[in-house]
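Here are my notes for you to read with the model open beside them. Take the points in order and find each residue as you go.

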Amino acid sequence: MTVARTLAAFLTQVSYADLPPQTIEHAAMLIASTVASAACGSGIDSAAMIRDLARERGGTPQASIWFDSGSQMKLPVADAAWVNAVMSDAAASDDSDLRNIVHAGTPLVATSLATAERTGASGQDVLAAIVLGYEAAGRIGEAVTPGFRAQGFHGCLIAIFAGAAATARLLGLDAAHMAQAIALSATSIGGLMAAANTSVAREYHAELAAMLGGQAALAAQRGFMAEEGILETEQGFFAVYGNADGANVTRDLGASWDIITDMAVKLVPGGHPHHALAEAAANAARAGRIVPDEVETITLSRPGVKTLAGPLHPANLIDMAHSPAYFLAAGVADHDFSWVHASESKITDPVIHQLIDKVRVGEPPTEQAEQYKQGATVTIRTTDGRTFSNTVLAPKGAGILGIDWADIDAKYRTLMPLAHMRDEQIEASLQIIHDFRHVTHVSALVDLLRV
């Protein structure tokens with residue numbers, strides 16, 4: 001069989017009862033994280049533009065726009081996912097698959113909730129779809145990592161498979177039709193990293209992954225036929241994006257789960273590769289009780305990193321999200337890094353910018369380099385010759401470390417008020433997400449996401 005058909009057979013045959021409890025727990029956490037991130041992004045201009053476009057276009061009322069304070073109209077499934085995904089990605093506060101830094105959860109949760117609203121799916125149906133969608137994207141993404149990034153492509157070309165697989169699952173497609181949804185997704189999207197790193201094209205990519213993934217599943221449901229072997233064929237997806245054959249994609253299916261081993265939920269804003277930098281910098285600064293004026297250098301050591309990437313002195317949220325120097329300097333300056341560091345006051349803080357000029361890149365670690373999962377070692381040297389170092393192998397919120405509901409709850413309660421949600425709505429919706437496996441219809445949650 002083709003890779004798409006073999007993967008689809010697995011994705012359609014696994015039941016909710018077959019899934020390990022931790023995968024279900026992480027799926028519920030991902031819902032909370034994605035919705036909270038969308039609340040944070042709901043007021044950003046790019047999200048407002050897409051919301052207005054979708055309302056203007058209208059269509060069959062099937063699924064809700066989150067945090068809608070206007071007519072509270074419903075939209076076709078793909079369009080609702082389109083709007084909700086851009087909100088979640090706009091604030092750079094969603095999730096990442098740490099192997100490839102793909103924000104699979106944004107289109108995955110947006111499409112899953114929208115589809116479930118249309119089909120009447122239960123909480124268990126949605127949670128299973130999320131686990132399996134994350135698995136599909138993770139396996140396909142691993143096959144083309146790091147090749148697709150080296151060529152300048154953005155992770156949206158992998159994230160599309162998450163939403164497509166989850167939508168196909170919730171539509172009840174069989175393996176043959178699921179395979180077509182995967183094949184259509186493989187030939188539906190591009191996205192350039194250079195645009196995502198410097199503009200709001202980043203969230204535009206996310207909305208396209210959500211909309212096009214959902215559309216692929218809907219088209220496959222109607223019998224639309226693509227080249228089923230497009231993943232592995234000559235000049236196909238694996239060859240073009242990763243110069244690979246994708247042989248590992250269908251190996252040991254079910255032996256481990258991407259949503260456990262590689263998913264990480266953002267507990268602070270900005271690009272996930274930089275979270276461990278800020279964490280290690282803050283740890284070292286606290287240990288040395290260091291004040292900014294006594295810092296001589298801040299040195300980063302990370303496998304494969306020899307130069308400082310991204311904007312050096314960020315001027316806005318986009319710059320900040322992609323500036324490792326900012327994360328290092330902010331961690332040292334404040335002995336912490338949190339949601340406040342996405343604010344204008346912090347992005348323009350002169351103390352942080354003075355420290356940015358003291359950031360250096362040291363030699364990559366040579367011992368146990370394989371243990372670093374977007375981790376880093378940070379060393380602070382003071383003007384009087386003292387040094388303080390700290391190593392963070394993986395950022396907080398990484399599944400491999402274990403994710404704590406207390407951290408997810410704190411994120412939810414911090415970000416949801418940004419969408420003008422009332423306290424009672426926030427608590428009620430959070431409780432529903434905690435108990436999502438008992439939900440009979442997703443409207444129990446979606447109806448609370450209104451302002």
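**Notes on the model**

1. Let's begin with charges: searching the whole structure turns up 21 salt bridges, where a salt bridge is a side-chain nitrogen of Lys or Arg within 4 Å of a carboxyl oxygen of Asp or Glu. Keep in mind that this is a predicted model, in which local features need pLDDT of at least 70 and side-chain atom pairs count only at pLDDT 80 or more, while totals for chains, interfaces and linings use all residues. Residues are numbered from 1 along each chain as its sequence is written, and side-chain values use heavy atoms, with hydrogens and water left out.

2. Look up Arg99 next. Its side chain meets that of Asp97 in a salt bridge (3.3 Å, N to O). Arg99 also bridges to Asp262, with the closest N and O atoms 3.4 Å apart. Arg99 sits in the loop between strand E3 (95–97) and helix H5 (105–119), and Asp262 in the loop between helix H13 (258–261) and strand E4 (263–265), so this pair ties together parts that are 163 residues apart in sequence. Helices (H or I, at least four residues) and strands (E, at least two) are DSSP runs, numbered from the N terminus.

3. Buried or exposed: how does Asp97 count? Asp97 is buried, at a relative accessible area of 3%. Asp262 is buried too, at 14%, whereas Arg99 is partly exposed, at 27%. The cut-offs are under 20% relative accessible area for buried, over 50% for exposed, and partly exposed in between (1.4 Å probe, protein chains only). A network of salt bridges links Asp97, Arg99, Glu142, Asp258 and Asp262.

4. Another salt bridge to find joins Arg202 and Glu203, whose closest N and O atoms are 3.2 Å apart. Both Arg202 and Glu203 are buried.

5. Now for the greasy part. A nonpolar core is a set of buried Ala, Val, Leu, Ile, Met, Phe, Trp, Tyr and Cys residues joined through side-chain atoms within 4.5 Å. The largest one has 118 residues, and those touching the most other members are Ile31, Phe67, Ile182, Phe237, Tyr412 and Phe436. Helix H6 (residues 123–144) gives the largest share, 13 residues. There is also a second, separate core of 31 residues, with Phe327, Leu328, Val332 and Ile356 among them.

6. Which residues does Phe436 contact, leaving aside its neighbours within four places in sequence? Among them are Ile31, Leu113, Val126, Leu127 and Leu445. Contact here means heavy atoms within 4.5 Å.

7. In helix H1 (residues 3–13), the buried residues include Val3, Leu7, Phe10 and Leu11. The cover over the buried residues of H1 includes H6, helix H8 (156–170), helix H9 (175–186) and helix H12 (237–242).

8. Finally, find the open sheet of four strands, ordered E6-E5-E7-E8 with mixed pairing; two strands pair if DSSP finds at least two bridges between them. Strand E6 (359–361) and strand E8 (387–392) are at the edges with a single partner strand each, so one side of each has no neighbour in the sheet. Strand E7 (residues 376–382) and E8 pair in the antiparallel sense over six bridges, and Thr379 has Ser389 in E8 as its bridge partner.
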